[in-house]
Amino acid sequence: MSALRESLGFLASRLRQVGIFVALILIVLLFQLLTDGILLQPQNVTNLVVQNSYILILAIGMVMVIIAGHIDLSVGSVAGFIGAVAGVMIVHWGWPWWAAIPACLLVGALVGAWQGYWIAYVGIPAFIVTLAGMLIFRGLTLITLKNQQITPFPDELRALGGGFLPDISGGTSVLEWLTVLLGVVGTAALLFQSIKERRVRGALGLENEPLAWFATKTAFIALLMLAITFLLASYRGTPIVLVVLAALVIGYSALMNNSIFGRHTYAIGGNLHAAELSGIKTKAVTFRLFVNMGVLAALAGLIFTARLNSAQPAGGTGFELDSIAAAFIGGAAVQGGIGTVAGAMIGGLIMGVLNNGMSILGLGTDYQQLIKGLVLLLAVGFDIFNKNRAGGGSSIAKRFKFRTTPPAAEDVKAPAEPVAVPAAR
Amino acid sequence: MNVPILQMRGITKTFPGVKALQDVTLDVNRGEVHAICGENGAGKSTLMKVLSGVYAHNTFDGDILFENEPCTFTSINDSEKRGIVIIHQELALSPYLSIAENIFLGNEIASRGWVDWRKTNLEAAKLLARVGLDENPVTPIQHISVGKQQLVEIAKALSKEVKLLILDEPTAALNDEDSDHLLDLILHLKGQGVTSIIISHKLNEIRKVADAVTIIRDGKSIETLRLDGGEDGRSQITQERIIRGMVGRDLDSLYPERTPVIGDEVLRIEDWTVQHPQDHSRTVVHNASLHVRKGEVVGLAGLMGAGRTELAMSVFGRSYGKAVSGKVFKYGKEIDTSTVPGAIAHGIAYATEDRKHYGLNLIDDIKRNVSMAALPKLARRGWVDKNRETTVANGYRKSMNIKAPAVSAITGKLSGGNQQKVVLSKWMFSDPDVLILDEPTRGIDVGAKFEIYTIIAGLAAEGKAVIVISSELPELLGICDRIYTLSAGRVTGEVPIAEASQETLMHYMTQEKE
């Protein structure tokens, strides 16, 4: 009984993180019913992963930029531009795929460096710089393509968009065994890591999640992973983009949680002045975040181009909005300082399932946009409502409180001395 | 002559946990310039907020009579209707609007909702002539100096047919020339029948313009001195009288015992000069030189605008000011502290006076705030060892007695004293040789103050050099070995603790360039 109460209390304190996950599951179940089970058919699950991979990759970079308190409106145009560059390199110049991919990622890095320079060192707000970038790189896409699509691409590159890991049983088995192996090993690694971390936290005297909750959550996630494995294995196996995406999610989660760079990113978004006065090189961190965003946008552009087997003038249009929405639905704060890569992935999947489910139902883009917009609004609104009610915790509510109604006791002391104005940037 | 225009009786204003004003009396006569004097935090600004209706009449006790009629203001609009206008030290002007637009902001000369620009500018020009400001009314506010902006504020007050003008630290942000001009204007307006209340602690200024001085200390009105109130009609307004009134409180706070063991010089600052970041005509710190030794606690005393924080922040990685010049020496060798990482690398730490805006990431937890300034110490090849971080933070939680359930508690939810301990932990973990602590006990209750003093004493005992900036003189007298006084950006005194008293310090703190 007490374990249950403890778990429920804990659940309430994690309402946001848990809530968004539950929302995803509810949405999946809803569409599973509405589509008479088409949504979770193996082929559709595979499609879902492949169709959304580039948005999810963009959302990784986007949530990092948002955590630092910035925004990037240019990623769709940059992805389109890199697709065009890849087309010229591979189709027109005949570069091999293994040379063109690194070259495209480098171009993405340069694009990011260009924008990062204006944002970090010149001090123009990211909103403006990337709004300009949205126009600039769309323009460059059209110029590079001379307003015509470039096609076809070699099979090696196309595999990046729609290919699968090789089927070791040669297609004779009902289940694709490599995928089963990967899924089982991955699940085991996750279980091992979770239990180990829990032990270490216990040993250090850090508070842990209640055991009942931890067990339920971990078991649920493990089962979910095995279920997805089963679905993928009974169609064509593991899409190559899924491997890329999984590696990125694991790598970037670790980067944001455990590296100096990631921690400085949170510090900058949480309080820029305090970060500066703590000796954090805020401009360098901001610059690197945008270089990183450029590289990820390039990768997304390559995958998208590979999937379509064509570099198109309008390629990547609207990606920026989907990836920004993914980050915010996933719990990132507009003011910065809050957000996770995992959250952005769940946010991206919610958008993806909505797209996919509504397409199966035959709803047009008109209704799709309407509903996606409402979901974004509700998710962030729920966030703010929830945190306001909890009295603190919300960056928005908190900042608001600090600015408008300073604690009365300090009101007595404070007026006599002005806040020292630090050097403006 | 002595016709009262304003009588405030028994004003008591309580904030949760604090009595900001206690039974305050203020009598102002028609046509006089009445100064209100007191230390930082004495309650001067609170009193003026009570008078001008910022605090509604039912949120405090006591009576206000203005022109013999009781006042029940609920907002600043009510007091302005009666001719009471307050000008805050932070000017409330819109930088991109013109002088004329600012003067009539919220009070536009218009017919049926449409502004009459010709009349607006004409009236503005008349008001500018009254305050002696030779500027075109259509000039945007941002194109004129702060001194002139102050005059625009007064013109704005005049446009409201002001009877009682309240100026809160009007010269704090002005250079000498502009200050003189402003004081002359106040006297000029007095000639035209405008009564003024001026909040100030610049004694020169008070002697120049004031007909009466009311001294506020610890939320109580101590006494009112009058120009003709002394024996044989001599003035009561003397520097000694005012200083005695301002500081004469009981030393009832407690400070930890310590026996200083003072070693060699650690840090020396020479000829440090800093310009205001926006207003280049103002020199905020002027040729300041000071030093601090191993194991020593050195105080920086000064009134508002003396340049203490500006001095400290400009030394700490040029975090404040423009055109910073001067030299910093550590162990006798000149060092470069022009960036914050550079200053930290040289073993300097600066704990800000404004924890919430410049000290902490309030949305993050204790352990990540503690490690923020020295993450590389916890990392190998860019990857942070989070277990060690937790262990380190737990160590500080225990040694500093940070009251929180765990180091994963969010700092924004801690009390002021515990937040301050997190800031101190952060800087202690960066292992500095010199700690500059700016108002380390601001907004902290008495019990926690003692803990902070104990931590400071402990740092000195470890051989750190500590510089403490504080507005509370008893605090400096209680914990320092030596105290520098600053006034208007200059170091005006260096007093060993044995010779220091509140009176001597206040004397130096109010000393101005002759």
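## The six-stranded sheet of chain B

In chain B, six strands make up an open sheet of mixed pairing, ordered β18-β21-β22-β15-β23-β24. Two strands count as paired if DSSP finds at least two bridges between them. Helices (H or I, at least four residues) and strands (E, at least two) are DSSP runs, numbered from the N terminus. The edges of the sheet are β18 (348–351) and β24 (490–496) of chain B, each of which pairs on one side only. On average, and with direction ignored, neighbouring strands of this sheet are turned by 20° against each other. Within the sheet, strand β21 (residues 434–438) and strand β22 (residues 465–470) of chain B are joined in the parallel sense by five bridges. I436(B) has I467(B) in β22(B) opposite to it.

## Basis of the description

The model is predicted: local features require pLDDT of at least 70, side-chain atom pairs count only at pLDDT 80 or more, and totals for chains, interfaces and linings use all residues. Residues are numbered from 1 along each chain as its sequence is written, while chains are lettered from A and ligands numbered from 1 in the order in which they are written.

Strand β11 (residues 212–217) of chain B is largely enclosed by the rest of the structure, because five of its six residues are buried. A residue is buried if 20 or more other C-beta atoms lie within 10 Å of its own, exposed if 12 or fewer, and partly exposed in between, with C-beta atoms placed from the backbone.

Strands of a sheet pair through backbone hydrogen bonds, either parallel or antiparallel. With strand β3 (residues 33–37) of chain B, β11(B) pairs in the parallel sense over four bridges, and I36(B) stands opposite T214(B) in β11(B). With strand β12 (residues 220–226) of chain B, β11(B) pairs in the antiparallel sense over six bridges, and here I215(B) faces E223(B) in β12(B). β11(B) and β12(B) form a hairpin with two residues between them, and D218(B) in the turn has a positive phi of about 50°.

Helix α9 (residues 308–315) of chain B is mostly covered, with eight of its eight residues buried. Among these buried residues are R308(B) and E310(B), as well as L311(B), M313(B) and V315(B). Just after α9(B), G317(B) adopts a positive phi of about 70°.

H143(B) is located in the loop between α4 (117–130) and α5 (146–159) of chain B. H143(B) counts as exposed because it has 12 C-beta neighbours inside 10 Å. From H143(B) to L21(B) the separation is 122 residues in sequence and 39 Å in space, C-alpha to C-alpha.

Helix α14 (residues 319–329) of chain A has 10 of its 11 residues buried, so it is largely enclosed by the rest of the structure. The buried residues include F319(A), E320(A), D322(A) and S323(A). Just after α14(A), G331(A) has a positive phi of about 100°.

Helix α4 (residues 75–92) of chain A packs against α14(A) at an angle of about 130°, their axes being 6 Å apart. Axes are lines fitted to C-alpha atoms, for helices over the stretch in contact, and angles run from 0 to 180 degrees between N-to-C directions. The two helices, α4(A) and α14(A), are therefore oblique to each other; angles under 35 degrees count as roughly parallel, over 145 as roughly antiparallel, 65 to 115 as roughly perpendicular and the rest as oblique. V75(A), G76(A) and A79(A) in α4(A) meet F319(A), E320(A) and S323(A) in α14(A), where contact requires C-beta atoms, placed from the backbone, to lie within 7 Å.

## Domains and their contacts

Chain A is divided into domain 1 (10–163 + 241–411) and domain 2 (169–238), with bounds from an automatic or database domain assignment. The centres of domain 1 and domain 2 of chain A, taken over C-alpha atoms, are separated by 25 Å. Their contact takes nine residues from domain 1 of chain A and 10 residues from domain 2 of chain A.

Chain B is divided into domain 1 (4–247), domain 2 (261–347 + 433–514) and domain 3 (361–431). The C-alpha centres of domain 2 and domain 3 of chain B lie 25 Å apart. To their contact, domain 2 of chain B gives 10 residues and domain 3 of chain B gives nine residues.

Definitions and conventions:
Two residues are in contact if their C-beta atoms, placed from the backbone, lie within 7 Å.
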